Amino acid sequence: MGSVIPLDGRVGRAAPARAPVWSVFDGEWYLRRYPAAVDQMQAIGIADAEQFYREHGARFGHSPNMFFDEQWYLAENPDVAAAVVAGAFASGFAHYCDDGYKQRAPHWLFSEKFYLTSYPDITRSVLDRNGLVNGYDHYLTLGDREFRCGHWLFDAMLYRNNKPAHDKFGPDRGGSFAQFLAGDYITGNAVRVSWYFDPDWYLQRYPDVANAIKAGEWSCALQHFLCNDSPQAFEPLEWFSETYYGATYPDVLEGITAGRFRSCYEHFVMYGAVERRRPHPDIDLLHYYLSGRVQADLEGGAFRDAFAHWLSRLTSGALGRVVEPIAEAQSKQLFARAAENMLPQLARRGLDFSVEGIPELSVIIVLHNQFALTMMALASLRANFTGSLELILVDSGSYDETRHIERFVTGAKLLRFAYNAGFVQACNAALALVSAPAMLYLNNDLLVGIDACKRALARLFSAADIGAVGGKLIRTNGALQEAGSIIWRDGTTFGYLRDTDPNAPEANFVREVDYCSGAFLMLRSDIVRALGGFDDDYRPAYYEEADLCVRLRKRGLKVMYDPDVVVQHFEYGSADATASQRLMTRNHRIFISKHLDYLRYQHPPGPRNAVHARSPRALGRPSGALRILFVEDRIPLRNLGAGYVRSNDIIHSMAELGHLVSVFPIYKASASPIEIFRDMPETVEVLYDRGMEQLAALIEERSGYYDVVWIGRTHNLDRLLPILGANAAALPSHGFVLDTEAVAAPRTAEQNRVLGRPQPESLDAALKRELACAYFCQKIIAVNDADAALIRQAGHSNVAVLGHVKDIQPTPATWSQRRDLLFLGAIHDPGLPNHDSLEWFIEQVLPLLDGRLPAEARFTVAGFVRRGVDLSALGNHPRVDLIGAVDDLSALYDRHRVFVAPTRFAGGIPFKVHEAASYGLPVVASELLCRQVGWTHGADILAASIEDPQAFADAVVTLYEEQETWTMIRRGALRRLERENNREAYAETLRGILGGTDPRAAARSEAAS
């Protein structure tokens, strides 16, 4: 048809280096879209489509390309339509090119505001660096190909996945949005292009719309829904009710009346779904949000909100689906079949266990037939341990191919019995052949998990008092066999968490146990020899590993359960289940007779006692370990900032002191278990699958278990008082700690002063009101001396100070190798200290740096941003880069020259100042933060008043431009941290706090007096 010819290039007052995609006239598309124009051009003698558009088509309401909808633009902007009629602009498109591109939407399926709000990384500086004039230019040039979404009813990835075959275009068509437009909106009538709109349901519900589309009045169902003149009369899908939503939320109707929203649904998708309002009488989004892995999926970015998540599951048929457990008999058949299927490969290639010198590990495996299972077990052992391994095989009277196992396995030491000698006799015979410092008893009916042996070895030799290590045994049906085992007072045993989910929080932390199954039991070889191996009285098998572990424990050694040691076990795969039960009954009596002195101090059998019995009492060792319930708003992951880093450090310190900590969040975790386990100590139980609604049940289930209840943040204690009071009999009579994290009253007062708000009450009154709940606790923790004084001012004398711990880790880049300013802090909600300080700095200080700092100097804003918080306004300044959460903090700090902390109101201690300084990045902070950390202006920090933006700018320039000052402040801050925030002193302070709350210590003190 015609070539793609740029318009005059006028976009605003200054022509860009390149014409925006949306400003280019597309002749081919134009003639295809307006076929009548061909006849008109011939009639008036115009051969060029662009000329015809300029002279005639624009007046007819034609669009110049598929990316701009002229008629919709004029209908959506009555002021522009009036200006066109008055002759001020030739068309709506001319208005958009002149000024409208700055804020207005050019097409019914793109929103400039939505795009920039959804992607805060698209800042003014990003646009300038790429020669782009606005968000739409970015979307058409880059964002569409990156699968970004430009409208709340167009999901780029969903469109790609759902579009029919006749709508599939090649890569030359660009991104999803461009393909959708180029395909004449075919998909808009056929399948979903957004979770929030169902075109099939819509056209069935409104047949008149379907007829109007056939008549050419609308391009597709989606266009009709977005552009019709009666938006409240049409619902987008079965599971939203305009009537119900409006009646339930009158504030929405007020917004519609005021012209802020087209319909109730527009409010719901833009705001209500994120707020978890109910879209329909039959849908409770809050309840759904709190169920399953919904929160984790949303935090991971899989869906924008719980409604989209719900719709995706409804569409896939997952809602209401009951996943039936796998029958173990069937799963065992599949396991055995898999072993048999491996035999041809193993027969041809064999397995080599040759070893030279002293091996790292000796593995004893007793065999009695089950050749296929044995070979699969050996293959998994060889594949998952590349170290030096001594394999000792004991053939206990086999009559299948096991008799010739040396044909398939080379390098192993082999013992043979002419009869089935049993596990105890066979293992004891093999003990004489062990030459490694560590030995592993391993069944032949299992699969060894990735690095299981390597991790068990590391655990075994991580401390001198560890004698044995076992792992997480998972049965063939995916359920737990055990996560460590319990020995009850009557001598019976119990695999902890048997039949439950292997991913349950209770199964995924390291702890001391009574014993671990001999299916996978790693021990120090010299100790096993000293104990004489398994007790021969338990021949042929059963209870021998429980007995051995008890004898280890009587020597003052620990038996450890490590959840990173994972084994899939074909339970009873190498023995007859009925015969096994008979042997267990006999050996149970033997076990009781030998260890009555040990058993009388064990817990009585019973499911409710399992949590008490899962970690045994210390035998022959001093025990100062406390069982601590640590309650916080959320699982305190470090990337959340805002006090969670400090809570994370406290939990790590508690674990390092040997305490048994259970972390319980008020709000059920939104992070994935993978993120949680990576960021928490391995010996801490993180109850990520629960929230405040389950706290009472946990306390009842664990009645009498905890010695200390540590409650982070005063507002949490206030809201938990009814639960704690109602369940007081199950909790320690003493041992409650309130960690205030920060006293809020002075922060609120300062916020009111800074923002010019009235002070509703005096500071004294506010303090007493805030801390009224603190009476419940035996110890109150302040983050610094200033907060401690405020707590005492409110009438509480039982105060201790526990600040921050911060190891110094200065990055190596020199002053000359660095550039740019950095702000790193979590933004959970608008108006909170971090968000307020950024607004103030960008609006008041950053403009004062123009001409004083190099033009290329950037201001980087990094850190966690809660989903739904709009930072697009902050990105309008040409120096600002919004980069969100960053994994590699070291690299981030290393490339910046100055850290700014312009906080205007806050409580506690600003961790971001400590952290930046620990990486060797000098800080310019508000005088408020300088007082909170107690540092000295000009020695280890530069401080300036937030009342004087010019003074703050001067401080930034000084630190940025003066290398000598920069070096002095950097060294001073590092010395300060090393002196005041070292880990040893922190642990000692925490030890003193916990010692003062230990009811057992209090009882000992009273007895001594």
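**Exercise 1.** In which loop is the place of Glu-741? Work out its backbone and burial too.

*Solution.* A quick note before we start: this is a predicted model, so local features need pLDDT of at least 70, side-chain atom pairs count only at pLDDT 80 or more, and totals for chains, interfaces and linings use all residues. Residues are numbered from 1 along each chain as its sequence is written, and side-chain values use heavy atoms, with hydrogens and water left out.

Step 1: find the loop. Glu-741 lies between strand E21 (736-739) and helix H35 (744-754); helices (H or I, at least four residues) and strands (E, at least two) are DSSP runs, numbered from the N terminus.

Step 2: check the backbone. Glu-741 isn't a glycine, yet its phi is positive, about 65 degrees.

Step 3: check burial. Glu-741 has a relative accessible area of 17%, so it's buried (buried is under 20% relative accessible area, exposed over 50%, partly exposed in between, with a 1.4 Å probe and protein chains only).

**Exercise 2.** Asp-499 also has a positive phi. Is it buried or exposed?

*Solution.* Step 1: phi here is about 75 degrees, again for a non-glycine. Step 3: relative accessibility is 53%, so Asp-499 counts as exposed.

**Exercise 3.** Take helix H24 (residues 423-431) and say how many of its residues are buried.

*Solution.* Step 1: count them up, and you get seven of nine, so the helix is mostly covered. Step 2: name some; among them are Phe-423, Val-424, Cys-427 and Leu-431. Step 3: look for the cover, which includes strand E4 (361-367), strand E5 (389-396), H26 and H27 (contact means heavy atoms within 4.5 Å).

**Exercise 4.** Trace the salt bridge between Arg-614 and Glu-685.

*Solution.* Step 1: apply the rule, a side-chain nitrogen of Lys or Arg within 4 Å of a carboxyl oxygen of Asp or Glu. The N to O distance for this pair is 2.8 Å. Step 2: locate the ends. The pair links distant parts of the chain, 71 residues apart: Arg-614 is in the loop between helix H30 (610-613) and strand E17 (627-632), and Glu-685 is in strand E19 (residues 685-686). Step 3: check burial. Arg-614 is buried at 1%, and Glu-685 is buried at 0%.

**Exercise 5.** Which peptide bond from Arg-539 is cis?

*Solution.* Step 1: look at the bond to Pro-540, where omega is near 0 degrees. Step 2: Pro-540 sits in the loop between helix H26 (525-530) and helix H27 (544-554).
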